[in-house]
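Please look through the sequence and the structure below.

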Amino acid sequence: MKLESECLILRPWRQRDRKPFAAINAEPDVVRYLNPLTEEESNAMLDRIDRHFEDHGWGFWALEEKASRQLIGMCGLAKVSPALPFAPAVEIGWRLSASRHGAGYAREAAERSLDFCVQHAEA
């Protein structure tokens with residue numbers, strides 16, 4: 001399933017996204033408040049995201065900038081671990097390349113993801 005907003009495409013992940021996503025996950029300004037990921041850890045994250053999509057039909061989409069057609073990160077929804085004290089719950093999250101910070105893309109993508117969630121819940 002693909003979603004669109006004014007400047008972004010939220011789409012399924014492709015095999016060719018793995019190296020660029022690993023590079024995003026290694027950017028110092030991206031992981032400043034997160035654990036840095038090796039390429040293998042980044043790939044494992046994408047494997048978990050793929051399984052979430054298989055199980056639920058939604059998850060963290062690949063985030064593509066319409067103007068450049070480049071992968072710039074991820075955004076979407078995920079069920080939280082049942083071990084967390086506030087579970088069950090769904091989180092909304094994003095991770096963007098530092099080169100796109102401050103452009104309003106995180107908000108735009110999060111709002112589109114939330115719109116999907118509301119539409120999906122009503123269906």
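Does Arg 107 count as buried or exposed? With a relative accessibility of 61%, Arg 107 counts as exposed, since the cut-off for that class is over 50%. The model is a predicted one.

Arg 107 has a charged partner: its side chain meets that of Glu 111 in a salt bridge, at 2.8 Å from N to O. Both residues belong to helix α3 (residues 105-122), and because they are 4 residues apart there, about one helical turn separates them. Glu 111 has a relative accessibility of 40% and counts as partly exposed.

The structure holds 11 salt bridges. Another of them joins the side chains of Asp 50 and Arg 18, at 3.8 Å from N to O. This pair links distant parts of the chain, 32 residues apart: Asp 50 is in helix α2 (residues 39-56) and Arg 18 in helix α1 (residues 18-25). Asp 50, at 29% relative accessibility, is partly exposed, whereas Arg 18 is buried, with a relative accessible area of 14%.

A salt bridge also forms between the side chains of Glu 64 and Arg 11, with 2.6 Å from N to O. Here, too, distant parts of the chain are linked: Glu 64 lies in strand β3 (residues 60-65) and Arg 11 in strand β2 (residues 8-11), 53 residues apart. Glu 64 counts as buried because its relative accessibility is 2%, and Arg 11 is buried at 3%; the cut-off for buried is under 20%.

Which residues are linked with Arg 11 and Glu 64 in a network of salt bridges? The network also takes in Arg 14, Asp 17 and Arg 69.

Terms used. Residues numbered from 1 in each chain as written. Predicted model: local features only at pLDDT ≥ 70, side-chain atom pairs only at ≥ 80, totals over all residues. Heavy atoms only, no water. Salt bridge = Lys/Arg side-chain N within 4 Å of Asp/Glu carboxyl O. Helix = DSSP H or I, 4+ residues; strand = E, 2+ residues; numbered from the N terminus. Buried < 20%, exposed > 50% of the residue type's maximum accessible area, 1.4 Å probe, protein only.
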